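Subject: Structure handover

Hi there,

Here is the structure I promised you, with the sequence alongside. Please open it next to this email, and then read on for what turned up.

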Amino acid sequence: YPKQIFDKKRVWGWLTIAVLIIDVIVVLGCTWICFNIGYFSPYQFVQDSNTALAVATSICAFLYFKNLKIVNNKFINTVAASTFGVLLIHAHSDTMRNWLWVKVLDNAAMVDSSLLIFHAIGSVIFVYIICTFIDYLRIKFIEKPIFSAWDKYWNTFIVWYKKVEIKICKKTEVGTEE
């Protein structure tokens, strides 16, 4: 049964902001502790998608955007159609992750750089745009032609299949009762 609390956009918007602030405080706090104690694990509470803060952030953001009324927009729909493809392209295999993040973008070398923030944000945006473009090409030149052919010939296939099914059923029928 639907609960009214899940439909309150303002509540979930504020909760999302609050949890994001808590996330930042925890990361900064862990960083401060790591530099003062010497134990290096600044992102212990937010580094994995299974932590309480990551789950809270995800739930709050999901419930906020679930209730957000966005008008139909061709650009948003095009980008959204490629989101899963972006995930599969850039993070599906260890080989791709190693090639992209270690060899091409060389993220480890940027840790002590003054350009770390720009590199982090820029590389994510760049990877997302390139992967979206690759997936857009896949949709346009592979998926649409295949589904177009599927739609065109599906009814013909069904008619053929029914005829074959009837012939097989007639040949395999056991004799009539005596």
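The second largest pocket is lined by K74, N77, T78, A81, S82, Y136, I139, K140, E143 and K144. A pocket here is found on a 1 Å grid over the protein atoms alone, as an open set of points where a 1.4 Å probe fits, with protein on both sides within 12 Å along at least five of seven lines; lining residues have an atom within 4 Å of a point. Its volume is about 200 Å³, a volume being the space filled by probe spheres set on the points, with grid points joined across faces, edges and corners.

Helices α3 (74-81) and α6 each supply at least two residues of that lining, and α6 gives the largest share, five residues. Helices are DSSP runs of H or I, at least four residues long, numbered from the N terminus. By class, the lining has three nonpolar, three polar and four charged residues. For those classes, Ala, Val, Leu, Ile, Met, Phe, Trp, Tyr, Cys and Pro count as nonpolar, Asp, Glu, Lys and Arg as charged, and the others, Gly among them, as polar.

A word on what you are looking at: this is a predicted model, in which local features need pLDDT of at least 70 and side-chain atom pairs count only at pLDDT 80 or more, while totals for chains, interfaces and linings use all residues. Residues are numbered from 1 along each chain as its sequence is written, and side-chain values use heavy atoms, with hydrogens and water left out. The mean pLDDT (the predictor's confidence in each residue, from 0 to 100) is 88 for the protein chain, and 90% of its residues reach 70 or more.

Now to the charged pairs. Side chains of opposite charge can pair when their charged atoms come close. Counting a side-chain nitrogen of Lys or Arg within 4 Å of a carboxyl oxygen of Asp or Glu as a salt bridge, the model has four salt bridges. E143, one of the pocket-lining residues, meets R138 in one of them, at 2.9 Å from N to O. D135 and R138 are three residues apart in helix α6 (residues 116-171), so about one helical turn separates them.

R138, at 33%, is partly exposed, and E143 is partly exposed at 26%.

Another salt bridge joins D94 and R97, with the closest N and O atoms 2.1 Å apart. Both lie in helix α5 (residues 94-104), three residues apart. D94 is exposed at 56%, whereas R97 is partly exposed at 32%.

As for cysteines, there are zero disulfides (pairs of cysteine sulfur atoms within 2.5 Å) in the structure. C131 is buried at 5%, and C169 is partly exposed at 40%.

Lastly, W32 sits in helix α1 and is exposed, at 59%.

Best wishes

Note on methods: Buried < 20%, exposed > 50% of the residue type's maximum accessible area, 1.4 Å probe, protein only.
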